[in-house]
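Keep the sequence and the 3D view open while reading.

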Amino acid sequence: MPNLETAARPGFAANAVPSRYLRDLVLHLSQLGYNVEPSLRKFGLSIQALSHPHARIDRVQLTQVMKELAHLTGRTDLGFELGLLINLATADVVGQLLLSSGTLAEGLQRVARFFALLTPSFRMQTTPLVGGFHRLKCEPSVPLPYDMAIQGLETLAVGLHRLILFLLQEKSVPVTLDASWAAPPHAARYRELKGMKPRFGTSHHPQFIMTLGAGLADAPLPMTNPIAVEEGEKNCRRLLEELTLKSSWGDWVTRMLSDVDGYFPSQAELASMLQISAKTLMRHLVNEGKTYRSLAIGVRHQRARDLLENSTLSLVEIAQTLGYSDAANFGRAFRQIEGIAPGEYRSHVAQQD
C-alpha cells in the first residue's frame with residue numbers, strides 16, 4: 001500500500017501533488033454515480049487515504065489513476081476537471097512568492113523561474129509582447145508519451161487561467177489559448193473559462209501558448225509585499241538548489257526517473273534540466289559510485305515490484321506501463337534481478353499477505 005500519509009518535503013514537491021485534488025475529483029465522479037472505489041483499489045488507494053491532510057500522490061501514480069478513471073467514465077475531460085481543482089497560488093513557497101508580487105507579469109515570471117519546484121515534467125516561459133500583451137508558453141521539459149503530455153498541458157492551461165482570475169479577482173479576463181492538441185470531444189467546456197478564446201491544433205509539438213490581453217500583465221496584485229517577495233525568492237532559490245545540487249546527484253536522478261510513466265529520459269535530457277552537459281552529470285554520478293544505467297534499472301525494477309504488490313494490473317499491462325516492448329522482455333529483466341518471474345513474485349507476496 002503506498003504511504004500517502006507521509007508529506008513530501010517542500011523542496012521535492014515537484015514529484016507529487018496534494019492528493020486532495022484527486023480526492024475532490026473522485027468524490028465529484030462519485031456524486032455523478034460512478035463507482036470509483038474499485039479503480040482506486042487497483043492502485044492500492046482509497047478515498048480515505050487520499051483525504052489525509054498531508055497526503056501527496058506522485059505524478060506517475062496520478063497519471064495511472066486518471067487513465068483508469070477515464071476508462072471507467074468514458075470521459076475525455078478529466079484533465080480539464082483536474083485543472084479546475086488545482087489552485088497554483090497555494091503551491092508552497094512558489095505560490096506565496098506569486099501572491100506577494102507587485103504585478104501579474106512579475107508573479108508569472110517568478111513562477112516560470114521556479115517551475116521545477118511545481119513539476120519537473122513541464123517548463124513555462126513568459127515573454128512581454130508589443131502593445132502591452134504578454135505570452136506564456138508551456139511545454140514538456142522531458143519527452144513524455146503524447147497522451148500524458150496533452151493531459152498535463154490541459155490541466156496546466158486550465159489551472160493557469162483559474163489562477164489569473166483568482167489573482168486579479170475578476171470573473172473574466174481576455175486570454176487567447178493556442179493549444180497544440182486537436183479540439184477534444186469536450187471542447188465546448190472551454191466556454192467555462194470566461195474570456196478565453198481557444199484555438200486548437202496550432203502546433204505539432206506538445207505545448208500551449210497563452211496570450212494575455214493588452215495591459216493585463218501589468219495589473220497590480222492586491223497582496224503585494226516587497227519584503228515577502230525577497231524572502232520568497234530566497235526560499236525558492238534554496239529549495240531549487242536543494243532539489244538539484246545539495247541532495248545526492250544519484251538521489252536527484254532517481255527522483256526524476258521516478259516521475260515518468262512508460263518512458264525514461266536520457267542522461268542528456270536530465271542534464272539539460274540543470275543546464276549542464278551529460279558528461280558533467282555522468283562525472284558527478286561516477287564520483288558517487290553510480291551510473292545513470294544502474295539507477296534507471298533500479299527505478300524500473302522497484303516500480304515493477306510496487307505494481308506487482310499493490311495493483312491488479314496484468315503482467316502485460318505492467319510491462320506496457322514500464323515501457324517494455326512486451327511481457328516476455330519484462331519477465332526476463334525482472335527475473336535477472338529478482339531471481340524469479342513476475343508472476344511467481346506476485347504469488348509469493350499474496351501468500352505472505
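## Two oblique helices

Helices α10 and α12 are oblique to each other. In this predicted model, the axes of α10 (residues 249-257) and α12 (residues 278-287) cross at roughly 120°. They come within 8 Å. Angles of 65 to 115 degrees would count as roughly perpendicular, and those over 145 as roughly antiparallel. The crossing of α10 and α12, at roughly 120°, therefore counts as oblique.

Which residues of α10 and α12 make the contact? From α10 come Trp249, Gly250 and Val253. From α12 come Leu281, His284 and Leu285. By class, 4 of these residues are nonpolar and 2 are polar. None is charged.

## The chain as a whole

The protein chain has 353 residues, and 51% of them count as buried. Its secondary structure comes to 16 helices and 7 strands.

Take the contacts between residues at least 6 apart in sequence: 68% of them join residues at least 24 apart.

The largest nonpolar core holds 83 residues. Which of them touch the most other members? They are Leu22, Leu69, Leu104, Phe208, Met210 and Leu212. Helix α8 (residues 146-168) gives this core its largest share, 13 residues. There is also a second, separate core of 14 residues. Among its members are Trp249, Met256, Ala271 and Tyr292. Trp249 also takes part in the contact of α10 with α12.

Now look at Leu69. Setting aside residues up to four places away in sequence, Leu69 touches Leu22, Leu25, Val26, Leu29, Val36, Ser39 and Leu78. One of these, Leu22, is listed with Leu69 among the core members that touch the most others.

## An enclosed helix

Is helix α5 (residues 78-85) largely enclosed or open? It is largely enclosed by the rest of the structure, because 6 of its 8 residues are buried. The buried ones are Leu78, Gly79, Phe80, Glu81, Leu82 and Gly83. Leu78 is also one of the residues that Leu69 touches.

Glu139 lies in strand β4 (residues 134-140). Its relative accessible area is 9%, so Glu139 is buried. What does the side chain of Glu139 join in a polar contact? The partner is the side chain of His205, at 3.1 Å. Beyond its neighbours within four places in sequence, Glu139 is in contact with Ser121, Phe122, Arg123, Gln125, Leu153, His205, Pro206 and Gln207.

Asp178 sits in strand β5 (residues 175-179). With a relative accessible area of 14%, Asp178 is buried. Its side chain makes a polar contact of 2.6 Å with the side chain of Arg199. Neighbours within four places aside, Asp178 is in contact with Arg199, Thr202, Gln207, Phe208 and Ile209. Gln207 is also in contact with Glu139. Phe208 is one of the core residues that touch the most other members.

## An exposed glycine

Is Gly33 buried or exposed? Gly33 is exposed, because its relative accessible area is 62%. Gly33 belongs to the loop between α1 (20-31) and α2 (37-41).

Thr73 is 40 residues from Gly33 along the chain. The C-alpha atoms of Gly33 and Thr73 are separated by 9.8 Å.

Methods: Residues numbered from 1 in each chain as written. Predicted model: local features only at pLDDT ≥ 70, side-chain atom pairs only at ≥ 80, totals over all residues. Heavy atoms only, no water. Helix = DSSP H or I, 4+ residues; strand = E, 2+ residues; numbered from the N terminus. Buried < 20%, exposed > 50% of the residue type's maximum accessible area, 1.4 Å probe, protein only. Polar contact = N/O pair within 3.5 Å; in protein donor to acceptor, adjacent residues only side chain to side chain. Contact = heavy atoms within 4.5 Å. Core = buried A, V, L, I, M, F, W, Y, C linked by side-chain atoms within 4.5 Å. Axes fitted to C-alpha atoms, helices over the stretch in contact; angles between N-to-C directions. Parallel < 35°, antiparallel > 145°, perpendicular 65-115°, else oblique. Nonpolar A, V, L, I, M, F, W, Y, C, P; charged D, E, K, R; others polar.
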